[in-house]
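Dear colleague,

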Amino acid sequence: MNFDDKKVLIAYYSRRGENYVNGDVKNLKKGNTEIIAEFISELTGGDIFVIDSVKEYSPDYFDCINEAKEELDKKIMVELKENIDNLDDYDYVFLGYPNWWGTIPMVVATFLDSNNFEDKIIYPFCTSEGSGLGTSISSIKKYAPFATVKDSLSIHGVEASNSKDKVQIWINNL
C-alpha cells in the first residue's frame, strides 16, 4: 500500500530493560516492539506515539509480568502518562505491543478505550516469544469497537532487530 497520501500513526507500547529472550532473561537497551515501530515509521513516513503508563513497572522481568497478569485479571485500566490529542488527523494506525499473557497489555487497552477510533483502520503488530498474536485482535476490537482492524503482524522478539524485510513485505501487502 502507498501511504504517501494518508496520515499514518504508529502508536506502540514497548518494554526496555529485562525481557524474556529465547528462554533467558536479557537486558535490552531498546524494546522489541519499539524496534518494529521504528521500522514501520521509516517505511511509511508515519508519526510515532509512545504509549506509556504513569505507573512504573518493576525492572525485574518476572515481577513485571506478574503485575501485568494482575492488571489483566482485574481488568485494571492503567493510567496513561499522556494521551494523543490529534488522533483525528490520522487515517491509519499501526498499533504495536508485546504479547503479554496472550493479549495486549492493559496500558494498550486503556489507550484504545480512551480514544475514538471510529473510521480508523488499525494494523496491529506485536512481538512475542512464541505466542504470536494470541487473543490480542479480539481484545483490540473489544476496546476499539468502531475501528476497522485489518492485517496484523507478529514478530518473534529475538528476531525484531533483523525483521525490517519482513515488516516491508507486510506493509507492501496491505
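Is Lys 164 buried, partly exposed or exposed? At 30% relative accessibility, Lys 164 counts as partly exposed, where buried means under 20% relative accessible area, exposed means over 50%, and partly exposed lies in between (1.4 Å probe, protein chains only).

Please note that this is a predicted model, in which local features need pLDDT of at least 70 and side-chain atom pairs count only at pLDDT 80 or more, while totals for chains, interfaces and linings use all residues. Residues are numbered from 1 along each chain as its sequence is written, and side-chain values use heavy atoms, with hydrogens and water left out.

Salt bridges

Side chains of opposite charge can pair when their charged atoms come close. Searching the whole structure gives nine salt bridges, a salt bridge being a side-chain nitrogen of Lys or Arg within 4 Å of a carboxyl oxygen of Asp or Glu.

One of them joins Lys 164 to Glu 42, at 2.2 Å from N to O. Because Glu 42 lies in helix 1 (residues 32-44) and Lys 164 in helix 5 (residues 164-172), this pair ties together parts that are 122 residues apart in sequence. Helices (H or I, at least four residues) and strands (E, at least two) are DSSP runs, numbered from the N terminus. Glu 42 itself counts as exposed, at 54% relative accessibility.

A second salt bridge links Glu 38 and Lys 30, whose closest N and O atoms are 2.8 Å apart. Both partners are partly exposed: Glu 38 has a relative accessible area of 30%, and Lys 30 has one of 33%.

A further salt bridge is formed by Lys 81 and Asp 52, with 3.4 Å between the closest N and O atoms. Lys 81 belongs to the loop between helix 2 and strand 5, and Asp 52 to the loop between strand 4 (47-50) and helix 2, so the pair ties together parts that are 29 residues apart in sequence. Lys 81 is partly exposed, with a relative accessible area of 48%, and Asp 52 is partly exposed as well, at 27%. Together with Glu 56, these two residues are linked in a network of salt bridges.

Aromatic pairs

The whole structure holds ten aromatic pairs. Rings of Phe, Tyr and Trp (its six-membered ring) pair if their centres lie within 6.5 Å; planes under 30 degrees apart count as stacked, over 60 as edge-to-face and the rest as tilted.

Why is the pair of Tyr 20 and Tyr 61 stacked? Their ring centres are 6.0 Å apart and their planes stand at 15°, so the pair is stacked. Tyr 20 lies in strand 2 (residues 17-21) and Tyr 61 in helix 2, so the pair ties together parts that are 41 residues apart in sequence. Tyr 61 is buried, with a relative accessible area of 12%, whereas Tyr 20 is partly exposed at 33%. Tyr 61 also forms an edge-to-face pair with Phe 62, at 5.2 Å centre to centre and with 80° between the planes. Phe 62 counts as partly exposed, at 43% relative accessibility.

Elsewhere, Tyr 92, Phe 94, Tyr 123 and Trp 170 form one aromatic cluster.

Surface and interior

Tyr 20, Val 25 and Phe 62 make a nonpolar surface patch of about 250 Å². Patches are made of residues with over 30% relative accessible area and no salt bridge, like charges being joined within 9 Å and nonpolar side chains (Val, Leu, Ile, Met, Phe, Trp, Tyr) within 5 Å. Accessible areas come from the Shrake-Rupley method with a 1.4 Å probe; for residues, only the protein chains shown count as cover.

A patch of negative charge on the surface gathers Glu 82, Asp 85, Asp 88 and Asp 89. Lys and Arg count as positive and Asp and Glu as negative, while His and the chain ends are not counted; the place of a charge is taken as NZ of Lys, CZ of Arg, CG of Asp or CD of Glu. Asp 85 is found in the loop between helix 2 (61-74) and strand 5 (92-98), and is exposed, with a relative accessible area of 74%.

By contrast, Ile 36 in helix 1 is buried, with a relative accessible area of 0%. The C-alpha atoms of Ile 36 and Ala 160 are separated by 6.4 Å, although these residues are 124 residues apart along the chain.
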